[in-house]
Amino acid sequence: MSLTRRAFIKTSALAATGLVIGVEFSVGVAAETAAVFEPNAYISITPDDVVRLWITRSEMGQGVRTTLSMMLAEELEVNWPSVHLEQAITGMRFKGIRLRTSGSGSTVGTYNSMRTAGATAREMLIAAAAEKWHVQPSACRAEKGAVVNKATGRKLSYGQLAAAASRQKVPANPSLKSPKDFRVIGKPTRRVDSKAIVTGQAVYGLDARVPDMLFAVMERCPCIGGKVASFDASKALAVAGVRHLVPITSGIATGVAVAADHTWAAMKGREALKVEWDLGPNQNFDSDQFLQEEIEASRSTDGYYVRDDGDAAKALGAAAMILDAVYITPFQAHAPVETMNCLADVRKASCEIWAPTQCPDEARNEAAKMLGFPPESVRVHVTLIGGGFGRRLFADYVYEAVELSRAIAKPVQLMWTRTEDMQCGYFHPCGVERVAGGLDTEGKPIAWRQTSVGSNLSMYPLPTEAQRKNPRFYFDDEMPWGSFDNPYNFPHLKADYFPVNSPIPTGPWRAVFYPSRVFARESFLDEMAHAARQDPIEFRLRLLQPGDILRVGNQKIDRGRLIRVLQVVAEQSNWKNPLRGTKDRLWGRGIACNVYDEDCYIAQVAEVSVGRETHDVRVHRIVCSVDCGLVVNPLGLEGQVESGIIWGLSATISGKIDFKKGSAVQSNFTDFEVIRTKEAPAIETHIVASDHPPGGFGETAVPPVAPAVTNAIFAATGVRIRRLPVNLASNRPLATGPAQSHSTDNFRNIDL
Amino acid sequence: MPVFRLVVNNVWHSVEASPDMPLLWVLRDFLHFTGTKYGCGVGVCGACTVHQDGIAVRSCQIPLAATVGKRYTTIEGLSAGGNHPCQKAWIEEDVSQCGYCQVGMIMEAVALIQHKREVSDAEIDAEMSDHVCRCGTFQRLRRAIFRAAREGNKT
């Protein structure tokens with residue numbers, strides 16, 4: 001396999017890094033007489049001193065327009081943020097440049113290329129000024145959108161230099177600034193697009209408008225994988241404003257689209273529509289039953305191993321104390337507040353698409369294939385995205401709009417309603433983790449065995465017959481995250497993976513494969529620490545000695561950096577002083593930590609209380625310590641910590657999707673409950689200064705949340721939560737009483 | 001189709017549409033005020049919040065027929081150039097992430113702090129918890145509301 005699954009999702013090592021500026025986009029350079037200076041695809045400077053920067057990633061709240069333009073501006077030496085930002089559109093200008101946004105990879109993937117692009121322009125502007133003044137480039141410096149003659153103090157603005165700069169040779173290796181000279185990178189910086197957002201001027205997918213467009217919604221098959229048998233359009237067509245009814249099959253949830261003059265007419269038309277469904281092969285799919293099958297699969301011992309240090313089986317056999325436990329996580333929806341939607345305008349030989357998408361290139365290529373057009377004839381305009389979280393790495397909703405627009409020969413915006421968005425999309429797969437651990441007579445952890453059962457995600461088929469014979473098949477694939485890369489120094493450690501795909505379409509969700517595995521790993525470490533009568537943080541710190549570099553697959557995991565964030569979070573959370581119970585509530589703290597893709601180190605301490613009578617769980621405070629290398633925008637990073645923690649908390653406390661008879665049970669924010677203002681804990685972020693290269697942070701804060709909270713619930717109540725979400729009926733009733741160290745027997749007593 | 005006349009952002013508008021059409025779609029599809037967002041369609045996420053005679057309401061739950069005689073304000077009519085204390089505080093505290101729910105949040109916050117000398121955590125919890133934000137901007141929006149209440153009272 002030339003490209004691992006991990007690399008595909010991350011793709012941080014692909015074209016975006018180490019790109020050669022000037023090769024990708026040579027139009028500006030070739031046009032020698034051009035007054036506009038465009039040294040590469042990212043930058044354009046006009047004689048009126050307008051500096052335009054192109055953003056090649058999708059903004060969905062992670063602050064990428066701010067971060068990327070900060071990196072460009074740093075090297076370009078312009079008055080930031082007095083620059084115009086443009087969103088990259090698929091097409092010639094960005095040929096060969098990645099526009100996909102995924103895997104927390106935007107900062108990692110563009111740190112060098114954005115800076116190089118800025119430095120290239122800067123050196124060409126300096127060369128142009130030096131030529132005018134008949135001095136060496138070294139006699140000039142760039143600052144605040146102008147080149148200054150060091151000796152005379154004379155200045156020429158970038159606008160004045162634009163035409164001359166276009167005639168300069170593109171430097172092969174422009175020199176990048178030393179981090180100690182950074183003026184923009186590393187400074188807490190507010191979002192560049194806030195004003196547009198708070199005035200309602202920001203254009204999301206649903207706000208895209210073109211003349212003569214229609215508005216459409218779809219009636220979709222209630223069962224995953226079912227299809228239209230027949231439909232009666234007459235009543236729907238009788239609704240005022242309804243123009244077209246078209247069966248649509250190009251997405252993942254097929255049905256009939258109703259296109260109308262406006263959204264409400266389309267919705268009323270849909271109500272009047274009569275469809276007979278072929279419910280298809282999954283009409284009996286039941287997620288509880290599927291989880292039982294996964295639990296059974298987790299008992300198997302002949303899976304694909306993804307890590308095999310020492311001899312875990314033998315060491316477990318010889319251990320003085322063995323613990324084992326099973327952890328279960330449910331299906332999850334993404335439920336971004338902006339539902340899936342796309343405006344498509346298919347013409348005779350071209351197509352324009354406006355979509356909130358994380359994958360414009362893929363959308364363009366697939367749409368072109370559908371239409372039989374060359375890719376250049378299809379353009380995808382990426383709008384602002386009202387929440388991505390991985391869902392918009394699939395462009396199924398784009399293809400539906402394209403199919404509809406082609407059928408009716410009009411521009412049309414197809415909108416998913418909330419219920420469709422929650423029931424018919426791609427889901428985060430449920431999963432089962434079985435973990436066993438061994439302690440020696442002194443309570444020292446000696447062996448670890450983790451078996452992960454979960455979905456490969458829909459885009460990856462299960463192994464073939466031949467592949468199944470290779471027990472190392474997933475070893476080289478670096479799957480599953482959070483298990484194969486277990487950072488702890490067990491002399492005997494084995495991790496297995498059993499992919500069990502369900503018929504439910506599954507895909508990346510914030511932090512992708514980590515959450516289930518980190519929930520199990522960090523919960524079970526807590527169980528081992530309590531069994532060994534050791535402090536859970538001390539227990540982890542000992543297991544990370546000697547603070548060396550762990551090499552697994554292509555990863556280099558720096559245990560020293562993980563130790564450091566654990567120490568910081570222990571100090572900042574006042575870990576050594578336990579919380580006291582109050583009259584009505586039991587209080588406790590819990591710890592969890594994780595390494596996200598070798599470059600982000602994070603530890604969290606959660607403070608929770610549980611009602612003595614009411615058994616309700618409240619999360620009061622989460623203290624977080626992070627080392628993710630050089631931080632481009634500390635204010636943005638804190639925002640991502642807060643965002644990731646709330647995301648993880650929704651899934652920990654209440655979020656889940658059940659399937660009965662092939663359909664999702666939850667349908668709206670009424671029964672898919674998410675954390676809201678009143679439940680939101682105080683979140684404290686402590687950044688550990690680091691001179692490592694920047695790591696990506698959009699997802700990093702998610703995985704430790706669940707185990708930090710459930711470990712805190714255990715500390716408060718002595719009740720161990722092994723199935724999420726916490727407020728499931730099966731996790732009740734909560735016992736009341738102080739945390740106790742448990743004997744082996746208690747842990748054996750949870751076999752499911 | 002009957003014609004309805006309603007006041008949005010201090011301007012009379014005539015809309016010829018079905019009386020059961022929710023105000024949300026009137027605003028978005030007829031009057032081009034796209035700052036007001038669709039989120040859930042059942043009045044539980046708050047993305048479509050506008051002001052009806054100064055009170056925060058869910059525009060997805062108000063049929064066109066019920067708008068007669070009422071005055072509505074959307075984000076587009078909230079202030080000149082985005083200078084309402086809430087909008088300024090939102091920028092100052094860097095609240096927005098994806099931003100999609102923020103307009104509804106701001107309209108709620110504006111209604112919450114108006115005519116008030118002070119605002120409390122409990123009031124913020126009560127009013128803002130009717131809004132869904134999947135980016136989890138709660139900590140910052142709380143700070144922004146306190147700031148807006150403070151700044152608003154100065155003027």
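In chain A of this predicted model, 79% of the contacts between residues at least 6 apart in sequence join residues at least 24 apart. The secondary structure of chain A comprises 20 helices and 29 strands. Of the 752 residues in this chain, 57% are buried. The C-alpha trace of chain A spans about 80 × 75 × 60 Å along its principal axes. Its radius of gyration is 28 Å, which agrees with the value near 27 Å that a compact globule of 752 residues would have.

Chain B is divided into two parts, domain 1 (3-74) and domain 2 (85-154). The C-alpha centres of domain 1 and domain 2 of chain B lie 22 Å apart. To the contact between them, domain 1 of chain B contributes 14 residues and domain 2 of chain B contributes 10 residues. On the side of domain 1 that touches domain 2, the elements of chain B giving two or more residues are β3 (49-52) and β4 (55-58). Of these, β3(B) gives the most, with 3 residues. The residues on this side of domain 1 of chain B divide into 6 nonpolar, 7 polar and 1 charged.

The two chains also meet each other: 44 residues of chain B are in contact with 46 residues of chain A. On the side of chain B that touches chain A, two or more residues come from each of the helices α1 (23-30), α2 (85-92), α3 (102-113), α4 (121-128) and α5 (138-154) of chain B. By residue class, this side of chain B consists of 24 nonpolar, 15 polar and 5 charged residues.

Conventions:
Residues numbered from 1 in each chain as written. Chains lettered and ligands numbered in written order. Predicted model: local features only at pLDDT ≥ 70, side-chain atom pairs only at ≥ 80, totals over all residues. Contact = placed C-beta atoms within 7 Å. Helix = DSSP H or I, 4+ residues; strand = E, 2+ residues; numbered from the N terminus. Nonpolar A, V, L, I, M, F, W, Y, C, P; charged D, E, K, R; others polar. Domains from an automatic or database assignment. Rg over C-alpha atoms; globule rule 2.2 N^0.38 Å. Buried ≥ 20, exposed ≤ 12 C-beta atoms within 10 Å, placed from the backbone.
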